[in-house]
Every structure is written in structure tokens, then in C-alpha cells.
Amino acid sequence: MSTNQNISGDTQPQMSVFVTVGSTEFDALVSSVCSDVVLDLLAENKIQKVVLQVGRGKLPPQVAGKTLEVEEADDQVGHGTTSTNPPVHIEWFRYMPSLTPYITSANLVIGHAGAGTLLECCTVGRPLVCVPNGTLLHGHQMELAEQMEMDGQIRMCPGPGKLAEALRGYFKEGMKTVPMSRSEPEMFSAFLEEFVGLR
């Protein structure tokens, strides 16, 4: 894993999880990631850092059952450290021009079922636990994610309340993370257009 400077200025490589919700809000997913059960699970599996892309969601994130010592924050970005043992460093932001550096530097991505997130993770070979945002769907995101899980590309989580269970499965069984070939992104785009009825 390459060294990557982050919001807090840290330049040391860390085991990390990147969480992305897209351009809207998915506070239920952020809350699930910040629950005591999930944070303990991440800490137990040597995850030292969680980076949250929260879109229009609430800030700072609420850490249930744990203390979050906020070290720096405004209405766009911030970071702090949890009271887990060992502690987990949490960074958050609303938007960035590109999420590629965060996806490529993460050991695991947890995200909504947006086509861009699915494609990017599969292209660079990052494991993705996909949690579709049920408040935004017309069924397409869920169906697309389910198909990709059947193809072995991602691990599906039916909702934020099942995240701990999905993560336990991931940490126990792992996930193949073979990047797509150069031609596959174009195949994915064509598949997506056909899938949602644009072709």
C-alpha cells in the first residue's frame, strides 16, 4: 500500500477503509460505519483509519457508543480519533474533485451502489462492500449490485443494518480483487446502459 498524505497531514501507510455515499446523503450508512460494533470490528482487523465521503450528510459524524475526539473540523472536512482499542482515526469530507486517490489507497471500500463507484473499484481491483441506498433506488442499483456479486466482483450488503455481518464475512473469507482488463470498463458501460434501458 503506497504512502498517501491525507487531510490530517499524515504520511504513514495505514490499513484503511474508504466509505463513499455519492453526491446526495446516506447518513444511515455513515452511522452504521461509526457504530461501536463496526468500529470494534474494524479495529480488531487492524484497520487504523476510516475516511468518510458524506455528500450532503450530517457532520461531524456521530460515533455511537464511542468517544470521538475531534481534532480539527469545519462544515466541509475534519478528522478525529475514536476511543476504540486500538484507536481508529476517522477523516471526513463532503466532496472532492476525484475520489480515485481515496479508492486506490484504501484496503477496502464501503459504498453505495452508484455505477461510478462499482466501476472504479472493479477497475483498480479494490474490494467493495456494496450497500445500496434504498431511499434513492428505482431497483436498478440493487439489481446491478446483485448481478455483480453473482459475478464475484463485489460483496453485497442488503442494508446499513447488516453491515457488521457483511464485514465479518469479508474479513473471514476475503474477496477476489482482480482488476478489470482495459477493455472491460467499456463492456461495463455498455452493460449498464442496456441494464437501465438506455440502449
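Biologist: Leaving aside its neighbours within four places in sequence, which residues is Ile-90 in contact with?

Modeller: Ile-90 is in contact with Cys-34, Leu-39, Val-50, Leu-52, Val-63, Leu-68, Gly-78, His-79, Gly-80 and Thr-82. Contact means that heavy atoms lie within 4.5 Å. This is a predicted model, in which local features need pLDDT of at least 70 and side-chain atom pairs count only at pLDDT 80 or more, while totals for chains, interfaces and linings use all residues. Residues are numbered from 1 along each chain as its sequence is written, and side-chain values use heavy atoms, with hydrogens and water left out.

Biologist: What makes a set of residues a nonpolar core, and which members of the largest one touch the most other members?

Modeller: A nonpolar core is a set of buried Ala, Val, Leu, Ile, Met, Phe, Trp, Tyr and Cys residues joined through side-chain atoms within 4.5 Å. Buried means under 20% relative accessible area, exposed means over 50%, and partly exposed lies in between, with a 1.4 Å probe and protein chains only. The largest core has 32 residues, of which Val-50, Leu-52, Ile-90, Ile-110 and Leu-163 touch the most other members. Two or more residues each come from strand 1 (16-20), helix 1 (27-33), helix 2 (36-44), strand 2 (49-53), strand 5 (89-93), strand 6 (108-111) and helix 6 (163-173). A second, separate core of 18 residues includes Cys-122, Cys-130, Leu-144 and Met-148. In soluble globular proteins, nonpolar side chains tend to be buried together.

Biologist: What makes a stretch of chain a helix or a strand here, and how many of each are there?

Modeller: Helices (H or I, at least four residues) and strands (E, at least two) are DSSP runs, numbered from the N terminus. By that rule the protein chain has seven helices and eight strands.

Biologist: Why is helix 2 called roughly parallel to helix 6?

Modeller: Their packing angle is about 15°, with the axes 9 Å apart. The axes are lines fitted to C-alpha atoms, for helices over the stretch in contact, and angles run from 0 to 180 degrees between N-to-C directions. Angles under 35 degrees count as roughly parallel, over 145 as roughly antiparallel, 65 to 115 as roughly perpendicular and the rest as oblique. Helix 2 is therefore roughly parallel to helix 6.

Biologist: Which residues of helix 2 and helix 6 meet, and what covers the buried residues of helix 2?

Modeller: Val-37, Val-38, Leu-41 and Leu-42 of helix 2 meet Leu-163, Ala-164, Leu-167, Arg-168 and Phe-171 of helix 6. The buried residues of helix 2 are Val-38, Leu-39, Leu-41, Leu-42 and Ala-43. Their cover includes strand 1, helix 1, strand 2, strand 4 (77-82), strand 5 and helix 6.

Biologist: Why is the pair of Phe-18 and Tyr-102 called stacked, and what is the pair of Phe-93 and Tyr-102 called?

Modeller: Rings of Phe, Tyr and Trp (its six-membered ring) pair if their centres lie within 6.5 Å; planes under 30 degrees apart count as stacked, over 60 as edge-to-face and the rest as tilted. For Phe-18 and Tyr-102 the values are 5.5 Å centre to centre and 25° between the planes, which gives a stacked pair. Phe-93 and Tyr-102 lie 4.9 Å centre to centre with 40° between the planes, and that pair is tilted. Ring pairs link Phe-18, Phe-93 and Tyr-102 into a cluster. Both Phe-18 and Tyr-102 are buried, and Phe-93 is buried as well.

Biologist: Why is Lys-46 called exposed, while Thr-100 is called partly exposed?

Modeller: Lys-46 has a relative accessible area of 63%, so it is exposed. Thr-100, which lies in helix 3 (residues 100-105), has a relative accessible area of 30% and is therefore partly exposed.

Biologist: What is the phi of Lys-46, and where is this residue found?

Modeller: The phi of Lys-46 is near 70°, a positive value in a residue other than glycine. Lys-46 is found in the loop between helix 2 and strand 2. Most residues other than glycine have a negative phi, and most peptide bonds are trans.
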